[in-house]
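Here are a few exercises to work through with the model open beside you. Try each task before you read its solution.

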There are 2 protein chains.
Amino acid sequence: MSNNDFNTRLFKHLDDHQKDYIQRLSDAVSIPSVSAWPEHRHEVVRMVDWTKSLLEKLGVKVELSDVGKQKIADGKEIDLPNVILGTYGNDKAKKTVLIYGHLDVQPAQVSDGWDTEPFVLTEKNGKLFGRGSTDDKGPVLSWLNVIEAYQQLNEPFPVNVKFCLESMEEYGSEGLEDLLKSLKNTFLSDVDFVVISDSYWLGKEKPCLQYGLRGICYFFLDVECSTKDLHSGCFGGTIHEAMTDLIALMSTLVDDQGHILIDGVYDEVAPLLPEEEQLYKPITFDTKAYCSEAGVEKTIQKEKEQILMHRWRYPSLSLHGIQGAFDGVGCKTVIPRHVIGKFSIRIVPNMKIATLEKLVEKHIQNIMKERKSPNKVSVKLEHGGDYWVADPNNPQYIAARKATVAVHGIEPDLTREGGSIPITLTFQEQTGKNVLLLPIGASDDGAHSQNEKFDIINYMNGMKVMGAYFQEIAKL
Amino acid sequence: MSNNDFNTRLFKHLDDHQKDYIQRLSDAVSIPSVSAWPEHRHEVVRMVDWTKSLLEKLGVKVELSDVGKQKIADGKEIDLPNVILGTYGNDKAKKTVLIYGHLDVQPAQVSDGWDTEPFVLTEKNGKLFGRGSTDDKGPVLSWLNVIEAYQQLNEPFPVNVKFCLESMEEYGSEGLEDLLKSLKNTFLSDVDFVVISDSYWLGKEKPCLQYGLRGICYFFLDVECSTKDLHSGCFGGTIHEAMTDLIALMSTLVDDQGHILIDGVYDEVAPLLPEEEQLYKPITFDTKAYCSEAGVEKTIQKEKEQILMHRWRYPSLSLHGIQGAFDGVGCKTVIPRHVIGKFSIRIVPNMKIATLEKLVEKHIQNIMKERKSPNKVSVKLEHGGDYWVADPNNPQYIAARKATVAVHGIEPDLTREGGSIPITLTFQEQTGKNVLLLPIGASDDGAHSQNEKFDIINYMNGMKVMGAYFQEIAKL
C-alpha cells in the first residue's frame, strides 16, 4: 500500500475518532498539574501517572525517572515529579525518533480573567478552551493518538519511538538537563532524530517548522551608594545617589531603534548570507496582525523580512526593571541605597556568551570611568543560555515538510523563534542528532495567557501531520 | 524678680522633677498611637484623650475638633482622630503663642530590628528609647511640663498659649490644613507667634533654630508602549519598549554632580547674597559625621558651606524608582507595557511650582521630539508643596536665641532643613505671623528608625529653653 493510500485511511480514522481525542484531552486538562504551585505537586504526580497508564495501554515500555528534590520556601524540599522515559518499538532496522513534551501547565484561575473554568475543557466555535490545551497536553496526546490509530488500523508502526515527558517545564525544567546528560550513552544513544511539538505557528493559518531559537544573557547591574536608604529631603543634592548612576548606565545600552550600543556586540553576529535571506521571502507574515497581537501602534522595522530578522537572527536588548528602588503606587521620597538594574540580551549565531559578558563589563566600566561617582558598581551575567539553530534542509526537516504538504497542501514556512527553549539545545548536544520543532498550534492559542485554547482543526491536522511524518522518517 | 533669678528657680525645679517627666513620657510612649495602622485607630484616640486630660488638669481649655473621615482600603472609611485645640490664658496684655505638635507616631515592631520593646520607654546610658520619644511626644510633653512647673512655682505664666495638637502627622496630616483655614478668623486670629518643636538639631551637641524648609514637587513620568506586557523573546528587537524611553528620559534629568539638567530650573533660585552667606560660616557641622550618618564614602561637595547650601537653599532632584517594571528578585524576561518613573525636585526660594511644572513638561517634550518613538509619554506633577523660609532675625528668633544662650551658654546655629514640614507654611499663611522651628532633639535620635531615642539631657534642656523662651517672648 502506498503512503497516500494509508494516509487516506489514517486521516479518515483520525477524523472518525475526533470525539475520543477531545474526551482524552478533556481528561488531561481536568488534572490541574501546575508545576509552579508546590501545594499542587500531587496533581502533577497524578498527571504523570495518568499518562504512564495511557502509554502502557498503548504498549509503550515506561520507566519513571526520579530527578531529585526541589527547594521551596522556608528551606523546605519537595519531590520533583518523575520524568517519563518511554520506549515503543526496538527494531534495529527502523529509525528511532525521540519525542519530547511536557505534562505540567502554567498557573490558572478564573479570577485571572478566564471566561471559562480553566481546568474544564470547554468547546466554543471549534476551539477547545482550557489550561494546557495547546501547551503542551494537546500536542503530547496527539503523538499518542497517532500511535493508537496505527494500532487500530493494524498498521505496523514505521519507526521506533522514545518518549521523554517532563513535568517541570513551566518552572525551569529542574533536573531535566542533568538527567539527559546521564542518559547520553544509554537511553539517548540510539536516537536518530528528536522532535518537539511545544511551540506555535507564526500566524493563525499557515503551518511552519522552526529551525532556530535565540539564546539569552540576563544581566544584573548593581549600584550601591550608602549603607541605608536615605530621605531625599535630608540628603538630596549632596550625595551620589545610586539611582542616578544606574539610570545613566541603563540609558547607554540601547537606542530608540532597538540598536544595542555596547561596543563590539554585533561583531560576532553571523553575516546574512543570500541563502538565509532567501528563507525569509516566502514566509507568510501579517505585520498588522503582529502589531495587533502585541498591542502596539507600529513596529520599529517596516518590512516583513526586517521584522522577522530582528525577532530571530539579530540580538536585542530589553530593560526589564529595577530591584531595590521604589516600585509602589503613590509617592515615596526615598533615596534607595542599593539598586539592581535588570536587562537581558537575546543572543544569536555566532555570538559567544563569554565574549558578550566581557563586552558588557567593559562597557559599564568605561561609562563609570567618565562619571565622577564613588559608588560601587558591578555587572554580573546572572544567567546565560545559548542560541540554537538547525539546518532547515536536514532530512528530518524535509520529511516534516512532506508530511505538512500531505495534510495542508502547502509547504510550511521555515521559521525561528525569538525566545529560548533551552532543552532543545540539550537534546541536540546529548544525542548529536538533528532536532525538529514541529508546532501544531496557532499563534493566538495564548499558551501562558487567560483563555488558552487549541483549535479542533489544528488538533486534528496536527495528528495527521505527525502520522505522515513517521512514514516519511521511515523512508530516510 | 529678674529673669535670671526665676530661670535659676525654674531650672532647679525642672531638674528636681526629672523622674516625673520621664514617667510621663513613659506613659505616653506606652500608647501605640500609630496613625498609619487603621486597626490601631482606637490607640490614637486613646492618646488624644490621655493628652486632653493632662491639658485639662493644667487648666487648659480643650476643644476636640472633628476633621472628618479617612478612606482606607476597600472603600471603607474610619474616623480621623480629633485635633486638640487648647487655650491657656486669655490676657489681652500678653502675647499669644501657638504651639503645634503631634501625638501620633510612626509604625514600630520589635521585628523591624528594635533592641527594646518600641512601646516601652527604656532608659539606657542616659537615653530614653521608645517610639515617639523624640517624635513628637517628648517635645509635646516638654511644653506641658513647663506650664506645670510655672504653676508649681506659683509663677504667673508670661504669655497666653494656644495648642494645636494633631494625630495624623505621620500619615499626611489629613484634615489639618482645612481645619486651620477654617480657624483663620477665630482660633488663629489673635495668635502672635507660632512655635513648632518637631525637628532635630544639625548635629548631636549644638542647639539650633531652623528658619527654612525646602518644598517638593513630585513627578510621575508615564510611558506606555502596548496594551499588554510582552515577552522579550517574542517581541524584543521589533517594538519600541516603554522602558527604553523611560530610562532614556530619566537619564536626562540630573548629572553625576547632582546638577539638574532641566533648562531654566535654576533661573528662579534666589541669588546667594553676602548676608545669607554669612549665616553659614558660624554653623558647626561635621562633614565626616554627616557621611557616616548617611553611610556614604563622600559627599558631592567638599566644603561645609557648600554641603549645607545644597541641602537647604539649592534645589535637588532624586530618582526614586519605577512603577510597573519588574522589581522582584531573580530574572523575568518581561517587556512591561506601562511604566511610571517617579522623581522629585526639592524646591527653594524663589522657585514657583507652576513654573517648574512647565519646565519639566517642556523638557520631556523636547527629549521625546528627538526620539523616534510612537509611545505615549506624559509627565504629571503628582504633588507640589512650597518651600518655607522665615527671617532668622525676627523678634521671635531673637527671643529663642536668648533662651538658648541662657540654657546652653552658646548661640544656637541658624539652620534650615532640606525636607518639608508642609504645615509650617500653612501656619504662617493662616496666622500671617512668624513661625519658629525650635528643635530640642539631636540629629541621631532616629525619628523614623528603629531604636528611636530621646536623650534625657536634651529632654531637660529642651524644657529649660522653652521656659526661658516664654519669658523672652513676654518682653517683646
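**Exercise 1. Find the residues that are linked with K127(A) in a network of salt bridges.**

Solution. Start with the criterion: a salt bridge puts a side-chain nitrogen of Lys or Arg within 4 Å of a carboxyl oxygen of Asp or Glu. By that rule, the network links K127(A), D444(A), D445(A), K453(A) and D455(A). Next, widen the view: the whole structure holds 46 salt bridges over all chains.

Before going on, note that this is a predicted model, where local features need pLDDT of at least 70, side-chain atom pairs count only at pLDDT 80 or more, and totals for chains, interfaces and linings use all residues. Residues are numbered from 1 along each chain as its sequence is written, chains are lettered from A and ligands numbered from 1 in the order in which they are written, and side-chain values use heavy atoms, leaving out hydrogens and water.

**Exercise 2. Work out which parts of chain A the salt bridge between D413(A) and K206(A) ties together.**

Solution. First, check the distance: the closest N and O atoms of D413(A) and K206(A) are 2.8 Å apart. Then place both residues. D413(A) sits in strand β18 (residues 413-417) and K206(A) in the loop between β9 (193-196) and β10 (208-213), so the pair ties together parts 207 residues apart in sequence. Strands here are DSSP runs of E, at least two residues, and helices runs of H or I, at least four, numbered from the N terminus. Finally, look at accessibility: D413(A) is buried at 4%, where buried means under 20% relative accessible area, exposed over 50% and partly exposed in between (1.4 Å probe, protein chains only).

**Exercise 3. Compare that with K52(A) and E56(A): where do they lie?**

Solution. Both belong to helix α3 (residues 41-57) of chain A, 4 residues apart, about one turn of the helix. An α-helix has 3.6 residues a turn, so residues three or four places apart point the same way. The two side chains meet in a salt bridge of 3.4 Å, N to O. K52(A) is partly exposed at 23%, and E56(A) is partly exposed at 38%.

**Exercise 4. Describe the contact between chain B and chain A.**

Solution. Count residues first: 73 come from chain B and 73 from chain A, with contact meaning heavy atoms within 4.5 Å. On the chain B side, strand β13 (residues 316-323) of chain B gives the most, with 8 residues. Last, look for salt bridges between the chains: the count is 0.
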